[in-house]
Protein chains: 2
Amino acid sequence: MQSISFVPHAAGRVTAVLAQLKDYLGEKVSTNQSVCEAHSHGEALELARLPAGVVFAETTEDVSTVLALCHAAYVPVVAFGAGTSVEGHVTPPEHAVSLDLSRMTAVLQVNAADMDCRVQAGLTRQELNVRLRDTGLFFPVDPGGEATLGGMCATRASGTAAVHYGTIKENVLGLTVVMANGEVIKTGGRVRKSSTGYDLTSLFIGSEGTLGIITEVQLRLHGIPEQLSAAICQFENLEDAVRTAVEIIQAGVPIARVELMDDVQMAASIRYSGLDELRPITTLFFEFAGGPASVREQIEVTEALATENNGLGFAWADTPDERNRLWKARHNAFWAAKALSPGARVISTDCIVPISRLTDLIVGVKADIQVSGLQAAILGHVGDGNFHTLIMTEDSAAGHAKALELDRKIVARALALDGSCSGEHGVGVGKLEFLEQEHGEPALGVMRTLKMALDPRNILNPGKLLPEGLAYIG
Amino acid sequence: MQSISFVPHAAGRVTAVLAQLKDYLGEKVSTNQSVCEAHSHGEALELARLPAGVVFAETTEDVSTVLALCHAAYVPVVAFGAGTSVEGHVTPPEHAVSLDLSRMTAVLQVNAADMDCRVQAGLTRQELNVRLRDTGLFFPVDPGGEATLGGMCATRASGTAAVHYGTIKENVLGLTVVMANGEVIKTGGRVRKSSTGYDLTSLFIGSEGTLGIITEVQLRLHGIPEQLSAAICQFENLEDAVRTAVEIIQAGVPIARVELMDDVQMAASIRYSGLDELRPITTLFFEFAGGPASVREQIEVTEALATENNGLGFAWADTPDERNRLWKARHNAFWAAKALSPGARVISTDCIVPISRLTDLIVGVKADIQVSGLQAAILGHVGDGNFHTLIMTEDSAAGHAKALELDRKIVARALALDGSCSGEHGVGVGKLEFLEQEHGEPALGVMRTLKMALDPRNILNPGKLLPEGLAYIG
């Protein structure tokens, strides 16, 4: 006669695992209500769910211990960094452990001569740059929030500097990843390129904690440019501004940043960030970097293109303080939009199209906003073809539904123009419904096969990134 | 009683499949001896084996037909492009079909405004650039051989321009891939970045035909620079030349190319390419690209660094003809080495290290060459830390063994310096023995799991890229 093994239900399993984890990790494990609440969501508040407990990992070994035990007990695990995700990535599945990496902030090595470094995944990009201060080097990838580098890898983040320096994907040389069963692997290395083996680094970048948990990151660094110049140019007409940005890229100007804020966003940002010298009309923010002659040359081409497209002249930010004030205003766009309509929810969409389609898209989105009756600001990394609509809506189920309806229209436009439903925020749960249209069932089937192969017990952030459906059967 | 099914042996299976394929694809299928011989190897001649037959695919559907039938019959398939691989990638497994994609040369779309295009995988990079001639755009990735773009994707190729434009990996936006069972998927798209779903594009790039067969490639293109300037600088001393290259990169000069040829290679190339004005000593080849002011600035910094490191002055190639002559000499380095010792085999090694380790490595390799008693030239993409040793050896088993012994020493040095055993040639069978040391058993286990998940019948180029061993069990 076979012995009958007792399989406790999901709630019981996670309680048992948390008790085991306390034996191994002691004070690093918490089931405190307010700790659990702080780990119940990212910035997409409506997607909240409490984890059964939180583990504050301090080392790769801690992460390995958590996964080995959760794997054995079929308990789901979601990694948590800074909680800045806007698509519900860090919202725990049911009866799950939230694995907080924010204590893992060590800079493990800096190789200044090779312009690379290795950090723990919980370090934020801002803090990394503070610690690099004496090296003459910096890390350029700058998503809006104060995100951790592990979280940035997991969501394939980018930001305002991607047009010049690339996204996180182009700036990661290798990773340490803990697999579903607790096994630790290293991917990539320190070399600039290699042709040996499958590109595991790229597989984990953008995998949103569903294939493994990233604990260390080897990053490319860049020399602080000899010269930095920032300027803005305002336009009476949205199309003229977008066309200017598009033509700068097409002309091959190696511009460091080129960002757009529309009239609504400018009105919000002038008020929030005290940009009183500016008018509430469409504005391009530029940054030029390089040697002095190269910067001069870039500026000449850019000014000529802006003038041809009816730009209202360049205003320069010459001092570091002025430059910081301008870019801080850009980075605070979300908060400016929030301050514009107190009590409202601000929901950020995130689309990208080939740059030649960008004018069509933004003009269409402006019309959609008009029809929706909602207030919404447009801003974005126009040099990449990537932009966000910040939709301000009543903080209620009806308000969310209205915003989502507008978002769906925007995504539909982007996909019809050979675009993607997310340039940098990721899928999480917020974008699941668009994946089939964007990638097609066969490619999704291959993705599901990879997920099943690497996480057969489906404990790694289940329910995120991949819509339900069939796997590819080779 | 169960019916007994007759499973023919491997030779019988492939014969049966070729007969089926003739029904579907007619004249595209060949079992002609000389055709099979032409598909028995790449440039690593000693690794030859005849395929049972060759199929000349003309469409993605043809490829899908081949894989569906071979999959059903458990018959291995190896893709064949231009046959320029030097690591045995295209050598057929036993009882296999060689799937030749060289007729798939269509340019399917050129989106000049977005600087991208879509091509069939059998098009060569040179031919693509011919067809782009009227667009003001070009594709920069330039491995030594006249490789196909599909082959370049499959081996994660790069070349002399990677220091500025990146490798093939950074220049592919998406792929069409036929999976083991004949299913067709599309990966990526036309956008510059996206955060939606696993990065399948990067997974297939560098997978050497072991996970799927690439039939179409969406490529990034680049504007032809306003100005191009080329120059060479000679050095009495190898270390001085390497140090110059390293310091150029560390200074952040956006140099288009920086290549090194050592004294042995220069002697060969002076003779082969008629560079009679040069001396047979270590030489750096430079190319500068951009706006005129930026180019001037780059040249100033580079010349200053070369002078500090005892460079013997710059010689300029001012006309396009002069420039082509210089770079043609660089691209013909392999043939120059071959001409230096007629009857000998020339075996190209391919290592990469972080750039700060490059001087140590090359000096060490020079000593290894001395000890080996073999003649060998060093040349490489020093801006990436990547270089090749062209070992000239007697064309015999003993000669090959001696060359391999030297290669092993070079790889061991590179791996000890945080390097990789291949910067751009790939693994094939030639580098299999080094993968465990470079990646570690756990990462190889994950790679094997991916292979088993996507190609459970092991029909896609079996025996390449992955050494035998255990898979990761999640």
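A salt bridge here is a side-chain nitrogen of Lys or Arg within 4 Å of a carboxyl oxygen of Asp or Glu. The views below come from a predicted model, in which local features need pLDDT of at least 70, side-chain atom pairs count only at pLDDT 80 or more, and totals for chains, interfaces and linings use all residues. Residues are numbered from 1 along each chain as its sequence is written, chains are lettered from A and ligands numbered from 1 in the order in which they are written, and side-chain values use heavy atoms, with hydrogens and water left out.

**View 1. Domain 3 meets domain 4 in chain A.** Domain 3 spans 225-330 and domain 4 spans 341-439, with bounds from an automatic or database domain assignment. Their C-alpha centres lie 23 Å apart. On each side of this meeting, 17 residues are in contact (heavy atoms within 4.5 Å). The two domains bury about 1,500 Å² between them, 67% of it on carbon and sulfur atoms; buried area is the accessible area (1.4 Å probe) lost on putting two parts together, summed over both.

**View 2. A salt bridge links A:Asp262 and A:Lys366.** Look for the N to O distance of 2.8 Å between these side chains. Between domain 3 and domain 4 of chain A, the count is 2 salt bridges.

**View 3. Chain A meets chain B.** Here 80 residues from chain A come together with 80 residues from chain B. The chains bury about 6,300 Å² between them, with 59% on carbon and sulfur atoms. A:Lys193, A:Ser195 and A:Tyr198 supply 15% of the area that chain A buries against chain B, more than any other three residues.

**View 4. A:Lys193 reaches B:Asp384 in a salt bridge.** The closest N and O atoms of this pair are 3.2 Å apart. Across the interface of chain A and chain B, the rule finds 8 salt bridges.

**View 5. Helix α16(A) sits on the side of chain A that touches chain B.** The elements giving two or more residues to that side include α10 (292-308) and α16 (441-454) of chain A; helices (H or I, at least four residues) are DSSP runs numbered from the N terminus. With 9 residues, α16(A) gives the most. By class, this side of chain A has 34 nonpolar, 29 polar and 17 charged residues, where Ala, Val, Leu, Ile, Met, Phe, Trp, Tyr, Cys and Pro count as nonpolar, Asp, Glu, Lys and Arg as charged, and the others, Gly among them, as polar.
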